[in-house]
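Open the model in your viewer and keep the sequence panel beside it. The stops below say what to select next and what is there.

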Amino acid sequence: MNALITTQKLTKRFNGLTAVNRVDFGVHEGQTSGIIGPNGSGKTTLFNLLSGYFPPSDGAITFQGRDITRIPPHDRVKLGVGRTFQLVSVFTSLTAWENLVLTNVRFQRAEIAPPRFFFRTAQRAEILDDCAHALDWVGLTDKASANVAELSYGDKRMLEIAVVLSLKPRLLLLDEPLAGLSDHEIAQVVALIQRIKTERTVVIIEHKISKIVDLVERLVVMNEGRLICEGAPEDVLRDPQVRECYWGKEDQVAANL
Amino acid sequence: MNTPADIRGLSIRPAPRWKIFGQLALIAVGILLLATNIKLHWLTDFIIFFILVLSFDLLYGYMGHLSFGHMLYYGAGAYVTGLFLVNVGKNPIAALFAGLAVAAILSAVLGLIVMRTHGASFALINMAFNEIGFFIIRSPLAKFTRGDDGLSCSSAKLFGIIDLSDDVSAFLFVGVMLLLVFAFLQVLTTSPFGILVRSIKENEKRVAFFGYDTFRSKWIVFVVSSTLAALAGSIFTLVRGFLSPQVISPFGNVEVIFAVLIGGAGNLYGALIGGAIFMLIKNFLPVMIPELSKVVGVKLPQWEMWLGIILLIIVFAMRKGVVGVIRSQWHYRLRAARSAP
Ligand SMILES: Nc1ncnc2c1ncn2[C@@H]1O[C@H](COP(=O)(O)OP(=O)(O)O)[C@@H](O)[C@H]1O
Ligand SMILES: [Mg+2]
């Protein structure tokens, strides 16, 4: 199997605090991985580094054999790195379909062919059609013209996933996609991820391990900025280092399972 | 794949382009209504101001970048056109394009610097460049611009037949220009690029994760907005034939900001309505106040004071300007009508 993305001794320091510490992380093409770890262990920071939100203090990132350590986020999107945010990040001053217009693949290309991008109305039949497909995928068709500010948190999460999917990423990074959702919504998003992972390489950060154990083929555990363990979910959860050093108390393990 | 059924499910209609002609007709009617009550000579000034406000609304209302130095480009357009008329040739079209070209180049270069800043720094660095421009026009270039004495710069007839110093011709000329600018901005702001610009306003950093180079887009908006401001300035020169450094003074920017806020930022109609209200206040209150003072027998405060009060009302009671109020009323009625049995 080919490594899609790898990091070499990736490090991020915030004035004295090392949020990500010499991490060698990698994902194979087609694999679905989960990243778990206590709050503040550096999971989101790792995603921020992979997606280019900020540059690392040290180390390197390789995507499909190419060094992407210093390239800006919009170029990483073009190479195929897509992400969602821990706190849902869609544009609340726009409508649902307007959010999708921006990531519509036809217009990603049209940015290079300006007249279409600058001077045709966004309400063209072909754009609406693309948006309809994307919304249909996440079951939001009837909310296309709703202002995003008025959508429920779960709908916003669905929309965010629809948006990032229309970028056709090779690597999809989902930062706590289930956080803040109701049980019903969690079931919907999990079903959605089940469908996505058959086509794309997915990495999921998640707090509630039980929700993703069945979703992922591999679990990676972070603690205090380091990768402390990785492997098949069953093995990782049985690992004494994970159970004792990282959670400490057995009851907390139970609570998270 | 492309079944119309998909689109119908969306509850959004594809927008027909001819709608824009309806909008232009509406504006034309509005302007003609004003023309029945206001001297054409004044109304021409109003319309030039509308164009300036529209250009500012693209930068501030749509993209959320508040500049205190927009008059630099208005003034550059005005002065380049004026200097062209005096020193190169009397052709108004050539003089207009000279003004646009120089302002476009100037904003393209300065945009590389100012567009790397945000918030207060963006506002102030623009003001700094504007102050420099103001100074250059008044002192180092005074030999050409005549400094504070002002520059007379008449032009030849437009297309050899239209005399722009005639009030009616000038009014029609600026009116057509306004409609062209409005149509251009209407198309630009409803395109995918327009949506991109609005998303930059909301959260610039996140736009990058949609795959767009925000710097490039911001720079384009800055150049377009500045060049449209220069268009307003050039037109001013052509119809007035006289320039003073006043046109490039950074103080003028405040009026533009007021107009955008009164109408409602990020809405082209808001820019027009706000521009009209501001110009009415500015031109009629000074005349009305002494009269009113006589009637009520008390000396009423100057018009600037009333403008201040109106702005306070807008800031506290109508956050989205006049257009925002009209819109929410409209939605309210619509909802009430729907829920009625
Ligand atoms: N932009 C930032 N500036 C300063 N400190 C940060 C920043 N982002 C994260 N941190 C710190 O880095 C550590 C790791 O945070 P984070 O990656 O968000 O953890 P996780 O996602 O695993 O909960 C935390 O201590 C957090 O406070
Ligand atoms: Mg996190």
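Predicted model: local features only at pLDDT ≥ 70, side-chain atom pairs only at ≥ 80, totals over all residues.

## Stop 1: a lysine and its partner

Select K143(A), which is partly exposed with a relative accessible area of 30%. Residues are numbered from 1 along each chain as its sequence is written, chains are lettered from A and ligands numbered from 1 in the order in which they are written, and side-chain values use heavy atoms, with hydrogens and water left out.

K143(A) sits in the loop between helix 6 (125-138) and helix 7 (153-165) of chain A and D155(A) in helix 7 of chain A, so the pair ties together parts that are 12 residues apart in sequence. D155(A) is buried, at a relative accessible area of 15%. A salt bridge here is a side-chain nitrogen of Lys or Arg within 4 Å of a carboxyl oxygen of Asp or Glu. Helices (H or I, at least four residues) and strands (E, at least two) are DSSP runs, numbered from the N terminus.

## Stop 2: two further salt bridges

How many salt bridges does this rule give over all chains? The count comes to 11.

Select D58(A) and R13(A), whose side chains form a salt bridge at 3.3 Å, N to O. This pair links distant parts of the chain, with D58(A) in strand 5 (residues 58-63) of chain A and R13(A) in strand 1 (residues 3-14) of chain A, 45 residues apart. D58(A) is partly exposed at 39% relative accessibility, and R13(A) is partly exposed at 42%.

Move to chain B and select E204(B) and K218(B), a salt bridge in which the closest N and O atoms are 2.8 Å apart. E204(B) belongs to helix 10 (residues 204-207) of chain B and K218(B) to helix 11 (residues 214-240) of chain B, 14 residues apart. Are these two residues buried or exposed? E204(B) is buried at 18% relative accessibility, and K218(B) is buried at 2%.

## Stop 3: the magnesium ion

Select ligand 2, the magnesium ion; its protein donors are T44(A) (OG1) and Q86(A) (OE1), lying 2.0 to 2.2 Å from it. T44(A) is in helix 1 (residues 43-51) of chain A and Q86(A) in the loop between strand 7 (81-83) and helix 3 (96-103) of chain A, so the pair ties together parts that are 42 residues apart in sequence. Donors are N, O and S atoms within 2.8 Å of the metal (3.2 Å for Na, K and Ca); water is not among the atoms, so sites may look incomplete. T44(A) is partly exposed, with a relative accessible area of 25%, and Q86(A) is partly exposed at 32%.

## Stop 4: nonpolar cores

Select L159(A), L54(B), F173(B), L178(B), F193(B) and I235(B), the residues with the most contacts inside the largest nonpolar core, which has 155 residues. Helix 3 (residues 40-62) of chain B gives the most to this core, with 15 residues. A second, separate core of 24 residues includes V27(A), I35(A), L173(A) and V220(A). A nonpolar core is a set of buried Ala, Val, Leu, Ile, Met, Phe, Trp, Tyr and Cys residues joined through side-chain atoms within 4.5 Å.

Centre on L178(B). Leaving aside neighbours within four places in sequence, L178(B) is in contact (heavy atoms within 4.5 Å) with I27(B), I31(B), I47(B), F50(B), I51(B), L54(B) and L272(B).

## Stop 5

K9(A) is not a glycine, yet has a positive phi of about 45°; K9(A) lies in strand 1 of chain A and is partly exposed at 45% relative accessibility. E176(A), also not a glycine, has a positive phi of about 45°. E176(A) is in the loop between strand 8 (171-175) and helix 8 (183-196) of chain A and is buried, with a relative accessible area of 7%.

Definitions and conventions. Buried < 20%, exposed > 50% of the residue type's maximum accessible area, 1.4 Å probe, protein only.
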